Amino acid sequence: MKFRKILISMLSVASILSGSFAPATSVMAAGNQSVEIGDVEVTKEQLEDGVTIVLAKNEEGIFEQTVYYDIDVSSIPQPTATADGELEWAEFHLGFNHWNDDTGRLYFTISADEPMSKVTGNAYVKSTSIFSSKPFYSDTLKKKLYGSMNTSRTLKENVDTGDEKKVRIGFSSVVLLTTANQKGYFSDTSQVVKR
């Protein structure tokens, strides 16, 4: 009887923890649903391999963030680049793809309406199990962007995930710096990616 109560308590905690990772501002595609982003409708067939955050300044000049999970990055509309010295929008995507045998590729893409100088932060790939704390990959990222307004970089080519069928990828403390010394801060988030 005591063992049964302990088991029920542990399962309750696990279900609460697993449901607490998605921020309130997220938009998720699930099942056969489609998701509208601006004027674009994204279907299940366009599901991608990671998570994307879009920063956009509102009318008061304050950045608002929208988190998109499992959505094809090319389907997310981007405002026009203005290059007027003021950062008005930026987009950061962390993805995990080319998952063959036991390894996969961790990469990011970043875009903005201003020439970008560098991006810094942390990225990781880890097990989805609450009993496994050791990540498959965890490292800081500090990439020079050389004035580009849209670029992609590989963070780790062969992340060994063993025989896992799904992993959690995520990032924290990601900051974009433009060539005009404007900064964009991306909220920490993560996403489960399936093989």
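**Close-up views of a predicted model**

**View 1. E86 and K57 join their side chains in a salt bridge, 2.9 Å from N to O.** A salt bridge puts a side-chain nitrogen of Lys or Arg within 4 Å of a carboxyl oxygen of Asp or Glu. The pair links distant parts of the chain, 29 residues apart. E86 sits in the loop between β5 (63–69) and β6 (89–100), while K57 belongs to strand β4 (residues 50–57). Strands are DSSP runs of E, at least two residues, numbered from the N terminus. E86 is partly exposed at 36% relative accessible area. K57 is partly exposed too, at 26%. (Buried means under 20%, exposed over 50%, partly exposed in between, with a 1.4 Å probe and protein chains only.) The whole structure holds one salt bridge.

**View 2. S127 lies in strand β8 (residues 116–127).** S127 is buried, with 7% relative accessible area. A polar atom of the S127 side chain lies 3.0 Å from the backbone nitrogen of S129. Beyond its neighbours within four places in sequence, S127 contacts S132, F136 and E164. Contact means heavy atoms within 4.5 Å.

**View 3. Residues 1–47 have pLDDT under 50.** pLDDT is the predictor's confidence in each residue, from 0 to 100. For this stretch the model has 54 contacts beyond four places in sequence. The protein chain averages 77, and 70% of the residues score at least 70.

**Notes.** Residues are numbered from 1 along each chain as its sequence is written, and side-chain values use heavy atoms, without hydrogens and water. The model is predicted: local features need pLDDT of at least 70, side-chain atom pairs count only at pLDDT 80 or more, and totals for chains, interfaces and linings use all residues.

Key
Helix = DSSP H or I, 4+ residues; strand = E, 2+ residues; numbered from the N terminus. Polar contact = N/O pair within 3.5 Å; in protein donor to acceptor, adjacent residues only side chain to side chain.
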